[in-house]
Every structure is written in C-alpha cells, then in structure tokens.
Amino acid sequence: MKRIEILTSSLLLLMPVFFACTIYEPIPIEVMRSSEIRLPMEGKQIALLYRNFKFPGDTLQHYYRDGEYLRKVKENQDSHLDSLAVISCLQGAAEVLVSKGSGPAPSVYPIDMMPEVTGEKIPALPPTLVRKIVRPSGADYLISLETFSYFYARFPGNQMEDEFRQVVLAGLWAVYDGHSGGVVDSRQMVDTLYWNKSHADGAGKELLPPRIPAIQLAAGVFGENYAGKFHAGWIKVDRTMIIPPLEEFRLAAAYATEQKWNKAREIWEREPRNHRWV
C-alpha cells in the first residue's frame, strides 16, 4: 500500500512535466542576403534579351495538371502565351534593376528578335554576335534569358486541404560582357509560386488565377527574383522558434511575433539557453 502511495505521489510530481509542452512557432524575420551574382553593376547600361532556345523534350508547357489528371492544351488555345510570359519575365527583371539603382533603365529587346532554335545543348552566343546586338544600346552587359519553361497545375482541394493553384518555372540565364562578348555568369533557376484560398480581395472573393494569368504573374516574379541576385538586400524569411514551456519565453515569443525585438531580446538574454531557432 505504501509503495502505491509513493508511486502515486511521484506521478503527481511528474504531471507538470508531462503536460508542459514545447511549442514550435514560425516567425517571419528579415535577413540580409548578399548578392549572388557579383558584377560591378552600378552605373552600367544593361540590355535584356530572350534567346528563344528550346530543348526537344520540353513539352510540359503544352500541358497542365487538373487535379489528378494531366491535360493537353487545345491547339492554338494559347499560341501567344510564351510571348506573354517572356514579356512579363523580362519586364519584372528590368523593374528590379531600375529600383535597385543599377544604372539607366535597361534596354529590352523585342522578344521575337532571336529566331527559335532547338537543340540538346545551349551553346554560348558568339562574342561577335553579342557585340553586334549591344551596339545600338551601348550596353555594358547583355542579360539573356536563354531558355524558359513553365507548368501550371490546379488542385480542387478536399475536406483536408484548400483548393490552390501552382506554377513551376525553370530557366537558364546568362550574362555576357558587352565589350568582350564573353560569358561572365550563367546559372539555372527553378521557382514555384502558389495561390490558395488565403489570396482574396477585399470582398472575400477568392483570387485563384486560371492558367494564362497565373503563368504571366509567375513569370514576372521569376524575372524579379533573378534580377534580385545582382544586389544585396533585406529579404523576409520564416524561421521556426522553439519555445520552452516557461511563461517568460512565451511572452518573448509574443514580442517576436509582433516584431518587438528589443523586448524579446531582454528576456532571451537573461537565459539564452532556453530558446533557440531552427
């Protein structure tokens, strides 16, 4: 009997430990991102070009996902979609370059300036051709969207998940020196954009874009994200904060959520071991 009483007392003492829980909470914070493409851009004249290169097996842009089904786009249904997407992409890149103060407004060449070329590998543009292309604009750098592809998907949702839309984009960018004609940077880029029920207008109407507007919007962001690689700057990211089962640290987390970092820091500095980020 005494042993049972001792065991019961021990369980009562451990109950606060069992019922206390550590919370994992996402917190949006701003971090400084260094430039990924390190070129002297300030005061430079830039030109933007669409190379119009296609791989033979790149057919996804002629299909879209509708829930569990892969559907083919009807013939001539979006014959100008590639042009619309590229225009949005290059304009998005140009706007960011201007806003970051790289130099004069970039020259954007007509998207049909280069004929469509198909091949297994993308060779660099010949230096003589690069110099000829940039001569009218006097560009110090020619930024070329070498190849560009996209895929749209819509998911109807169910009892467990909300309806959403998605666009996956992939491209290859190259930067050519306008004076020597040589390649100074080349990189692949993949991006994904989502829209779900949280994207609504003031009247609460859901803004889930159909295929063509979604691809245009996503292409613009794709260009913006690439142009952002030329400059350092603050970006917003999510970090998961581990909050121990102590009231003062819950209070600190509340301050952090409200972006009141000085008040949160005062608590964290008193006992830094009791919180961490992942």
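Is Phe 222 buried or exposed? In this predicted model, Phe 222 is buried, and its relative accessible area is 0%. The report below places this residue in its surroundings and then turns to other parts of the chain.

## Overall organisation

The chain contains six helices and 12 strands. Of its 278 residues, 39% count as buried. The chain exposes about 16800 Å², and carbon and sulfur atoms supply 55% of that area.

Contacts across the sequence can also be described. Among contacts between residues at least 6 apart in sequence, 75% join residues at least 24 apart.

## Aromatic pairs

Eight aromatic pairs occur in the structure. One of them joins Phe 164 and Tyr 194, whose rings are tilted, with 6.2 Å from centre to centre and 50 degrees between the planes. This pair links distant parts of the chain, as Phe 164 belongs to strand E9 (residues 164-177) and Tyr 194 to strand E10 (residues 183-196), 30 residues apart.

Another pair consists of Trp 173 and Phe 222, with 6.3 Å between the centres and 25 degrees between the planes. This pair counts as stacked because its angle is under 30 degrees. Trp 173 lies in strand E9 and Phe 222 in helix H4 (residues 211-227), so that distant parts of the chain, 49 residues apart, are linked. Trp 173 is buried, with a relative accessible area of 0%. Both Trp 173 and Phe 222 also belong to one aromatic cluster, together with Phe 148, Tyr 150, Tyr 226 and Phe 230.

## Nonpolar cores

The largest nonpolar core has 38 residues, of which Ile 143, Phe 148, Val 167, Leu 169, Trp 173 and Phe 230 touch the most other members. Strand E2 (46-50), helix H2 (81-99), E8, E9, E10 and H4 each supply at least two residues of this core. Helix H2 provides the largest share, nine residues.

Leaving aside its neighbours within four places in sequence, Ile 143 is in contact with Ile 46, Ala 47, Leu 48 and Leu 49, with Leu 97, with Trp 173, Ala 174 and Val 175, and with Tyr 226 and Phe 230. A second, separate core has 12 residues, among them Met 114, Leu 125, Leu 142 and Ala 174.

Asp 82 is located in helix H2. Its relative accessible area is 17%, so Asp 82 counts as buried, the cut-off being under 20%. Apart from neighbours within four places in sequence, Asp 82 is in contact with Tyr 50, Lys 54, Gln 61 and Tyr 150.

Glu 163 is found in the loop between strand E8 (141-155) and E9. At 17% relative accessibility, Glu 163 is buried. The side chain of Glu 163 makes a polar contact of 2.8 Å with the side chain of Arg 165.

## The two sides of helix H6

Which residues of helix H6 are buried? In this helix, which spans residues 261-270, Ala 264, Ile 267 and Trp 268 are buried. Seen down the axis of H6, the buried residues fall within an arc of 100 degrees, and they therefore line one face of the helix. The face turned away from this buried side carries the exposed residues Asn 262, Glu 269 and Arg 270.

How values were computed
Residues are numbered from 1 along each chain as its sequence is written. This is a predicted model: local features need pLDDT of at least 70, side-chain atom pairs count only at pLDDT 80 or more; totals for chains, interfaces and linings use all residues. Side-chain values use heavy atoms; hydrogens and water are left out. Rings of Phe, Tyr and Trp (its six-membered ring) pair if their centres lie within 6.5 Å; planes under 30 degrees apart count as stacked, over 60 as edge-to-face and the rest as tilted. Helices (H or I, at least four residues) and strands (E, at least two) are DSSP runs, numbered from the N terminus. Buried means under 20% relative accessible area, exposed over 50%, partly exposed in between (1.4 Å probe, protein chains only). A polar contact is a pair of N or O atoms within 3.5 Å; within protein, one must be able to donate a hydrogen and the other to accept it, and residues adjacent in sequence count only if both atoms are side-chain atoms. A nonpolar core is a set of buried Ala, Val, Leu, Ile, Met, Phe, Trp, Tyr and Cys residues joined through side-chain atoms within 4.5 Å. Contact means heavy atoms within 4.5 Å. The arc is that of the directions from the helix axis to the C-beta atoms. Accessible areas come from the Shrake-Rupley method with a 1.4 Å probe; for residues, only the protein chains shown count as cover.
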